[in-house]
Amino acid sequence: MSLTSPVVDRSAGRQFGLLTALVLAVLGYQINATMISPALPHVITELHTTPGIAGLSQTLFFLLGSLSQVTLSRLSDYRGRKQTMLLACAILLVGNLACMLAPNVGVFLVGRVLQGVAAANFPLAFLTLNQVMTRERFGWAAGVITAVNGGFAGVDAIAGGQIADTIGFRGVFGAGLVVSVIGILAVIFAVPKLPAPSAGRMDWGGATLLCIGLSGMLIGLAQGQSWGWTSTPTMACLLGGLAALAAFGFTQRGARRTGTTKPLIDISLLGSRRAWPLLVTSALTLGGAFAALALTIPLFTQDKHAGFGMSSFTSALLFSTPAQIIGVIGAPIAGWIGPRLGWNRAARIGATGTLVAFAVACAFLDSRWTVVAMLALLGITYNGLSMTALNGYSVVAMPEAEGALAGLNGACIGLGASFGIALSSALITAGTHHGQTGHAAYAEAMWAGCGLLALALIAALALARPPERLERESARPAAVAVPTAGH
């Protein structure tokens, strides 16, 4: 149980400074997630490596992002949000230096692993905002952070490609290093040092088992297509991951019974309708929507035989950028709506809108302008409303396990994205013969994503309303002075 109530500060100036600092902190991670994608060919050439190793660097980056969100979010319950965020920022700084100066691909991989740890800054930002802001302002601010999580309207990827073409891939990480330095300074001076919400000790044994379990599952899903789904490495990862997760569940129950150390995640809480529907909805939403936007649609629109035969630039401009631009605008608006309408209701509306828009795109896949319109609509329903509502709900739904639930939600988002891409890739590959992919393969991948989104809506309908007690605390009229960054 949390030992402290929210520390509400109504000073607009301090809140703006705090939000700016948190945006800079999460931006340091985000540009390393998006700007490097167009620069991967340069990484392959300059470091004399292979596309497989380049893909592995991306897998490791997002894997560590998922793991860090669980462990560091929970650590912040005991050590404080600001202290843990500074730790993540410092690790990101080292990772940027390693990638920028990498003499070989081995050092580069280590750098990408270190950079991935900074994904924890997203749930840490949400948790910090929830401790400082009123319920209404928290929603809007959470929407701003969610908008950053979706990238800067495609500009970051375009900038990454331009830097890579003119300077090389090291220039991308040089830009990331500058942003990371600014971000860590902003956190030092603008983020208040608040009391740690919980007393107790971090369950490092449970954290280790959870990391092993999630690593096995994520690596198995990400590499299953290339290794073979029934191959020894894939089965070892998937079955080993499941075994570790089972052992994790057993140890968490034991920790709760003995009381010798606080469990990383109280398993009994996961059975609540404030927990499992959230995690299932997040995983299935990413599995359906993200996989289509990141894999199926780009491949289909650039396919000269079964698709539209567009260039990569035109495809991104028409099918990716509009949703990202609308998401940047829509996420803060969704955050304003969330606490007023109810985060669970906002999540249901977002899930419904996402499913409808996606189903129309599937039904009219051959009509490019219909697909363009529906994907742009996803900027409101998916990039904006769904993701903002799910992030906001993960923070306010369970005050007795706020760090654990927010971090676990982030991990489920990564797991869902990996599963969705693996599923779509398998369906597209199965429909590829003699180097050409049939139209039916793309359609099957899209409809599979639609099925995942339908299941996500069913899970969202089970979301319980957040506890009234927390809403009253967050909306209390009296302002409480927030400690300054130096105290």
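**Entry 1: helix 4 and helix 6**

I looked up the handedness of the crossing of helix 4 and helix 6 in this predicted model, and it is left-handed. The axes of helix 4 (residues 81-101) and helix 6 come within 10 Å and cross at roughly 160°. Angles over 145 degrees count as roughly antiparallel, and helix 4 and helix 6 are therefore roughly antiparallel to each other. I then listed the residues that form the contact: helix 4 contributes Arg81, Thr84, Met85, Ala88 and Cys89, and helix 6 contributes Asn121, Leu124, Ala125, Leu127, Thr128 and Gln131. Sorted by class, the residues of this contact of helix 4 with helix 6 are six nonpolar, four polar and one charged.

**Entry 2: helix 6 and helix 17**

I next examined helix 6 (residues 121-132) against helix 17 (residues 368-396); their axes come within 10 Å and cross at roughly 60°. Helix 6 and helix 17 are therefore oblique to each other. The crossing of helix 6 and helix 17 is right-handed. From helix 6, Phe126, Leu127 and Asn130 meet Asn391, Val395 and Val396 of helix 17.

**Entry 3: the nonpolar core**

Which residues have the most contacts inside the largest nonpolar core? I found Leu129 and Ile145, in a core of 135 residues. Helix 17 supplies the largest share of this core, 13 residues. For leucine 129 I set aside neighbours within four places in sequence; the remaining contacts are Leu18, Leu19, Leu22, Phe138, Ala141, Ala142 and Ile145.

**Entry 4: leucine 221**

I located leucine 221 in helix 10 (residues 204-227). Is leucine 221 buried or exposed? Its relative accessible area is 12%; the limit for buried is under 20%, so leucine 221 is buried. Not counting residues up to four places away in sequence, leucine 221 touches Trp229, Leu238, Leu415, Ser418, Phe419 and Ala422. I also checked the pair leucine 221 and isoleucine 421: they stand 200 residues apart along the chain, and their C-alpha atoms are separated by 8.5 Å.

**Entry 5: threonine 49**

I found threonine 49 in the loop between helix 2 (40-46) and helix 3 (51-79). Threonine 49 has a relative accessible area of 14% and is buried. With neighbours within four places in sequence left aside, I noted contacts of threonine 49 with Val43, Ile44 and Val105.

Technical notes: Residues are numbered from 1 along each chain as its sequence is written. This is a predicted model: local features need pLDDT of at least 70, side-chain atom pairs count only at pLDDT 80 or more; totals for chains, interfaces and linings use all residues. Side-chain values use heavy atoms; hydrogens and water are left out. Axes are lines fitted to C-alpha atoms, for helices over the stretch in contact, and angles run from 0 to 180 degrees between N-to-C directions. Helices (H or I, at least four residues) and strands (E, at least two) are DSSP runs, numbered from the N terminus. Angles under 35 degrees count as roughly parallel, over 145 as roughly antiparallel, 65 to 115 as roughly perpendicular and the rest as oblique. A crossing is left-handed if the near helix is turned anticlockwise from the far one by less than a right angle, and right-handed if clockwise. Contact means heavy atoms within 4.5 Å. Buried means under 20% relative accessible area, exposed over 50%, partly exposed in between (1.4 Å probe, protein chains only). A nonpolar core is a set of buried Ala, Val, Leu, Ile, Met, Phe, Trp, Tyr and Cys residues joined through side-chain atoms within 4.5 Å. Ala, Val, Leu, Ile, Met, Phe, Trp, Tyr, Cys and Pro count as nonpolar, Asp, Glu, Lys and Arg as charged, and the others, Gly among them, as polar.
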